[in-house]
Structure formats: C-alpha cells, structure tokens
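Dear colleague,

Please find below the structure that I am handing over to you. My notes on what was found in it follow directly after.

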Amino acid sequence: MSSECSIAVERAPEGVNVRLAGALTLDTASRAWRELMAALCAHATGAVALDVGGVERFDSAGVAVLAEARAACAAAQRPCQLRNVPPHIGSMLSLLDFDALARPVPVEHHHREHFFMHVGAWAYELAGGVRSVFVFIGDAFLALVYALRHPRSVRARDVLLYIERAGVDAVPIVAMIQFLLGVTLALLGASQLRQFGANIYVANLVGIAMVQEIGPLMTAILVAGRSGAAFAAEIGTMKVSEEIDALTAMGFNPQRVLVLPKVLAVALAMPCLLLIANVVGICGGAVIGVAFLNISLAAYFNQTYGALDVWMIAQGLIKSLVFAVLVAGIGCLRGLQVQSGAESVGRQTTSAVVSGIFMIIVANAIFTVMFQYL
Amino acid sequence: MSRAGDHIIEAKAISTGYGTQVIHEGLTFHVKRGEIFVIVGGSGCGKSTLLRHLCGLQPVLAGTIVIDGVPLDAEDDAVRAGMAQRMGVLFQSGALFGSLTLAENIELVLEEYTDLPPAARDAVARTKLAMVGLSGYENYLPSQISGGMKKRAGLARAMALDPPLLFFDEPSAGLDPVTSAELDHLIVQLNASLGTTMVVVTHELASIFTIAQRVIMLEKGVRGIVAEGTPRELQADTSRPSVHAFFNRERRAVRGAASSAWERCGHRSQ
C-alpha cells in the first residue's frame with residue numbers, strides 16, 4: 001500500500017479533473033494540501049472533479065483536505081464534485097455533513113484581540129476586582145463578628161492545623177534567612193562603622209533594623225510565598241471541584257469555614273515567627289561581631305539590649321499582625337476568585353503572592369511614616 | 001514496526017495495582033483488531049485501574065502488555081512516543097483543557113505531532129468535531145458546553161491523530177439515559193465507519209448490550225476475570241451466580257423496587 005499521495009491534474013471539456021491516489025492521511029495531508037491548492041489556482045476556471053477512486057488510505061485529515069478544496073471552489077463560485085468515492089471513504093464521509101464542512105466557520109484564536117479591547121477588558125476586570133475586594137472584606141468582617149459572638153463556631157482544629165502549616169513549618173526557612181540577613185547587615189554596617197571606630201554600633205544597626213523593618217518584612221514575604229500561595233491554590237481547587245458550592249448548599253458560610261481559620265491562624269503564627277526571626281537575626285549579627293569585629297558576646301547583646309525598647313518591638317509586632325491579615329486574606333480572596341480550570345488556579349495563586357507582597361510593602365511604608373510621627 | 005496479526009492488544013499474565021496493593025493477578029486476555037471490547041464489573045473491581053495499565057498510564061506489577069506487536073514497557077522513548085500516537089483515551093470527565101476552545105484542544109495534538117499548516121489544522125479540528133456531532137462549537141470553551149458535549153469533544157480530541165485504538169473510561173458516567181444512548185450510538189458508528197478498535201470500561205447494562213462485541217467481567221473477590229464472551233452469552237450463563245446477577249440485574253432491580261413500593265403503600269404486587 002502506498003504511503004505517498006499523488007495528484008494528477010488533467011483538462012476536461014467542462015473544467016479540470018484532479019486524480020488523487022495513494023495515501024491521503026495525516027502524514028501526507030500537508031503536502032497534498034499545498035499541491036491541491038496550487039493545482040486549483042493554476043487551473044482557475046471551470047468545474048472541478050476530485051477523483052478519489054485511487055485513494056487507498058484515508059483518514060480525517062483527508063476529509064479536511066477534500067472539504068477545504070471544496071470550500072476554495074465554492075469561494076471562487078466553481079462547481080466541485082467528488083467522483084469514484086470508494087466504500088472506505090464513503091463510510092467516513094457518512095459520519096458527517098460534508099457539504100456543511102465545506103462551508104467552514106472560521107476558528108477564532110485568542111491572540112487576535114485589538115489593543116483597545118485589551119485595555120477595556122483590563123479596566124473591566126480591575127473594577128470587578130476592586131468590587132470583589134470590598135465584598136470580601138465585608139463578608140470577612142461579618143464572619144469575624146459572628147465568630148466573636150459565637151467563639152465555638154470557629155473550628156479550633158483547623159486553626160491549629162494552619163498554625164502548624166503556616167507557622168511551625170515555616171520556622172526553619174525563616175530562621176535561616178533571618179540569620180543570613182543578620183550576617184549580611186552586620187558585615188555591611190561594619191565596613192562603614194569601622195572607619196569611625198564605632199564597631200560596637202553594629203549591634204544597634206542589626207538590632208533596630210531586624211526588630212523594626214527587616215524582621216516583619218521578610219517574615220511576611222516568606223509567609224506570603226508559602227502560605228498565601230497555598231491558601232489560594234487550596235481554595236481555588238475547591239472552587240473548581242464545586243466543593244465551595246457544596247458548602248454553600250449545605251448552609252455553611254465559606255468565609256467562616258474556610259477563610260476565618262486561615263486568617264486567625266496566620267495572625268497568631270506570624271508574630272511568633274517574627275520573635276524567632278528577630279532573635280535569630282540578632283544572633284547572625286553577633287556571630288560577625290564576635291568573629292570579625294573583636295566585640296565580646298556579652299558586650300554585643302548588652303549593646304543590643306540598650307538600643308532596643310519595648311515600643312520598637314511592639315511596632316514590629318503590630319506590623320506583623322497587619323501583614324498576617326493581609327497575606328492570609330489576599331490568599332483566600334484570590335482562591336475564591338478562581339473561575340474554572342487549572343489555568344485560573346495558577347493565575348490566582350501567582351496573583352496571591354504578587355499582590356500579597358505588594359500590599360505588605362505598601363502597608364510597611366505607611367507604618368514607617370506613621371511611627372515616625374508617633 | 002512489527003504488527004501483531006489479529007490481536008491489537010495482548011495481556012500476558014499481568015498483575016495490576018498500585019505499589020504493594022495488588023488488584024488483579026495473572027490476567028491473560030486479548031483484544032481483536034477492529035472490535036469493541038468491553039471491561040465490566042461492579043464498583044471497586046479495578047476496571048479503571050486495568051484501563052490505566054492498558055493505555056500505559058501506569059506500569060503493570062507483573063506480566064506484559066503488548067500493543068500492536070510492541071511491549072508497553074519498551075525502553076526506547078521514540079517507540080513509546082510512537083505508541084502514544086497510536087492510541088487515544090477518553091477520560092470520565094472529558095479532561096478538556098479549560099483555557100482552550102474545543103478546536104484548540106484538538107489542534108494542540110496536531111501541532112505537536114504533525115507538520116500541517118495552521119489552516120489545515122483548523123480544517124482537521126472542524127472535521128473531528130463534525131464527526132462527533134459538534135459542528136459549530138469550534139470556538140466554545142469547555143465551560144460553555146454540557147457534560148455530554150464535553151465527552152464528545154474529548155472523543156474528538158482522542159481521535160485527533162486517527163489512532164487505531166481508543167480507550168473509554170466510563171463513557172456513560174454522569175450522563176442522562178438519552179445522552180448516554182447517543183454516545184453509545186456514536187461509538188458504534190465510529191467503530192463501523194473507521195474500523196477503530198475500542199476498549200470500553202463501563203458498568204451500564206444498556207451500554208454493554210448496545211456497543212459490546214466481546215466482554216470480560218472482573219470481580220473484586222476473585223482478583224481476575226470471571227467471565228468472557230458476548231453480552232448475550234454472559235446474560236444466558238447460569239453457571240456463575242455473580243455473572244448471571246450482573247447481566248440480569250436491571251430486570252430484577254425494577255421488579256424488586258416496584259414490589260417494595262407497592263408494599264409500602266399497603267398493596268400487594270400483582
């Protein structure tokens with residue numbers, strides 16, 4: 001059996017006869033397509049007879065080639081008919097309306113959208129997003145009020161589970177990063193302070209920076225990357241598999257069952273993580289102080305103790321509490337915004353991390369300015 | 001590539017399961033070229049697991065599956081990729097890609113495995129959708145069509161490369177009886193017109209009697225095949241109570257339900 005397709009064109013009194021023979025399948029369709037269209041262009045007038053009597057192997061790609069040839073003839077207002085249709089081709093053509101197939105509906109591809117359509121769609125999406133944020137905040141607030149009035153309605157087991165996942169499991173990575181940041185900060189500070197013989201002030205620099213800025217910021221960014229994304233993916237997948245609809249149908253409030261335990265858990269875990277991060281970060285600075293700056297361990301910690309006060313530590317804790325609510329809330333919101341399908345889950349998970357980190361930076365800037373004037 | 005005579009699939013003493021959990025042991029059967037072969041059995045007997053092994057999604061624990069003369073566990077990547085192109089799978093939910101239109105779902109496969117120009121890919125996708133009765137739905141997203149249409153579109157995608165072998169995992173699942181019957185009719189029609197071998201997993205009696213040319217029945221406790229034959233042969237078989245009960249269950253279930261309903265109302269069934 002031939003694995004090639006041969007196309008022979010001959011003139012006929014009423015137009016042109018095109019004899020197709022051999023294999024008209026997926027493997028040969030590309031070449032057959034080009035040759036057939038070229039033949040129809042070369043003989044641009046009169047009726048076309050497509051003789052498929054010699055076609056031994058045929059599949060749906062063959063149907064597409066024939067349908068396309070017929071559509072091209074119809075567009076040029078040329079009669080076109082199939083001749084000598086063997087049974088194996090006839091049985092395949094019997095599965096579909098060949099005439100309808102030769103009048104194709106164009107297949108639309110998404111990338112052909114106009115620029116202004118993109119802008120319009122983006123603005124529409126943005127407005128919808130802002131609205132959904134306000135609806136979410138309102139619902140979450142109502143859920144919180146309900147939980148405060150009925151504390152037993154909050155599933156303590158869920159809260160503990162998420163404290164473990166978002167807090168306890170994050171300790172190693174948070175500690176490692178804060179330690180390395182403490183080391184880096186101490187080395188950078190020392191390179192400048194050494195010029196003034198003020199090595200001991202490295203302890204002040206590391207202590208204040210850790211407790212007030214770097215600690216809350218880095219802890220929140222890490223929790224956004226770990227738990228914000230996880231919450232969005234978890235709730236998003238539940239939405240795709242209609243689990244959230246099932247909860248609603250059973251009379252549960254998804255905000256109370258899904259969102260509140262997560263937000264509460266992160267709000268409890270993040271300040272604890274911050275305290276660990278602060279201690280480890282200061283220890284990182286102490287390692288550099290002792291090893292490279294000839295400061296004794298006692299002197300280093302004494303200096304740090306003197307540089308910090310309770311209000312500084314409280315500022316960090318206030319920030320981390322707000323960051324926690326932002327990170328967990330945005331993660332849950334993005335999860336609830338999933339529409340359908342895996343692609344939407346991926347997009348909203350990315351958005352949970354990006355918008356979570358963005359909101360942390362914005363809130364941090366507001367806090368820093370606010371605390372300067374307090 | 002060598003071609004194995006009349007048998008497109010040969011399962012030789014295979015054991016199926018996950019990790020250390022063995023579901024079937026020593027299964028030996030074959031599927032003839034061009035037939036509709038149906039795997040039946042009650043819930044939990046491992047029908048879908050066997051299908052996953054047959055279409056190469058999961059390696060067998062023991063034994064060999066030979067498809068078209070090539071062992072499924074072939075080491076050569078090119079051979080395995082070639083085999084993947086020679087079989088299509090229709091999953092229970094259709095498993096369409098939600099972000100792509102129906103036509104794009106089909107074109108994705110054509111783009112990967114053929115050198116067809118974009119216009120030709122469009123035309124082939126339209127042809128496939130027309131074959132399953134979805135002309136005019138080329139630009140719809142899977143979320144915009146019904147469950148039955150999703151299955152049809154999934155079938156069109158499974159047939160994108162005109163494979164000689166198609167696997168169906170519970171094609172009737174989640175469909176109403178009319179839509180399910182239409183899908184069964186389509187399966188029979190495609191088999192008759194294209195000569196495609198079809199391996200179907202189902203427990204729907206109506207589907208079995210409509211589409212099956214040959215059936216094997218699996219049973220949970222036996223860990224293997226308990227019966228093999230045509231649906232009529234198995235229905236008439238009284239030697240095995242479980243097989244007889246399975247193939248005659250509809251009549252008994254209807255009779256049982258009717259009598260208990262009458263009894264609840266205080267009447268006796270006639």
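The buried residues of helix α2 of chain A are Ser60(A), Ala61(A), Gly62(A), Val63(A), Ala64(A), Val65(A), Leu66(A), Ala67(A), Glu68(A), Ala69(A) and Arg70(A); a residue is called buried if 20 or more other C-beta atoms, placed from the backbone, lie within 10 Å of its own. This helix covers residues 60–75, and its 16 residues reach 22 Å from the first C-alpha to the last, close to the 22 Å expected at 1.5 Å a residue (the expected span being 1.5 Å times one less than the number of residues). After α2(A) comes Gln77(A), with a positive phi near 55°.

Please note that this is a predicted model, in which local features need pLDDT of at least 70 and side-chain atom pairs count only at pLDDT 80 or more, while totals for chains, interfaces and linings use all residues. Residues are numbered from 1 along each chain as its sequence is written, and chains are lettered from A and ligands numbered from 1 in the order in which they are written.

Chain A as a whole has 13 helices and 4 strands (DSSP runs numbered from the N terminus: H or I of at least four residues for helices, E of at least two for strands). Its radius of gyration is 35 Å, well over the 21 Å given by the globule rule for 374 residues, so chain A is more spread out than a compact globule; the radius is taken over C-alpha atoms, and the rule is 2.2 Å times the number of residues to the power 0.38. Of the 374 residues in chain A, 36% are buried.

Strands β1 (residues 5–12) and β2 (residues 15–24) of chain A pair in the antiparallel sense over 8 bridges, where pairing requires at least two DSSP bridges. They form a hairpin with 2 residues between them, and Ile7(A) has Leu20(A) as its bridge partner in β2(A).

Between the chains, 27 residues of chain B are in contact with 27 residues of chain A, contact meaning C-beta atoms, placed from the backbone, within 7 Å. On the side of chain B that touches chain A, α4(B) gives the largest share, 10 residues.

With kind regards

Terms used: A residue is buried if 20 or more other C-beta atoms lie within 10 Å of its own, exposed if 12 or fewer, and partly exposed in between; C-beta atoms are placed from the backbone. Two residues are in contact if their C-beta atoms, placed from the backbone, lie within 7 Å.
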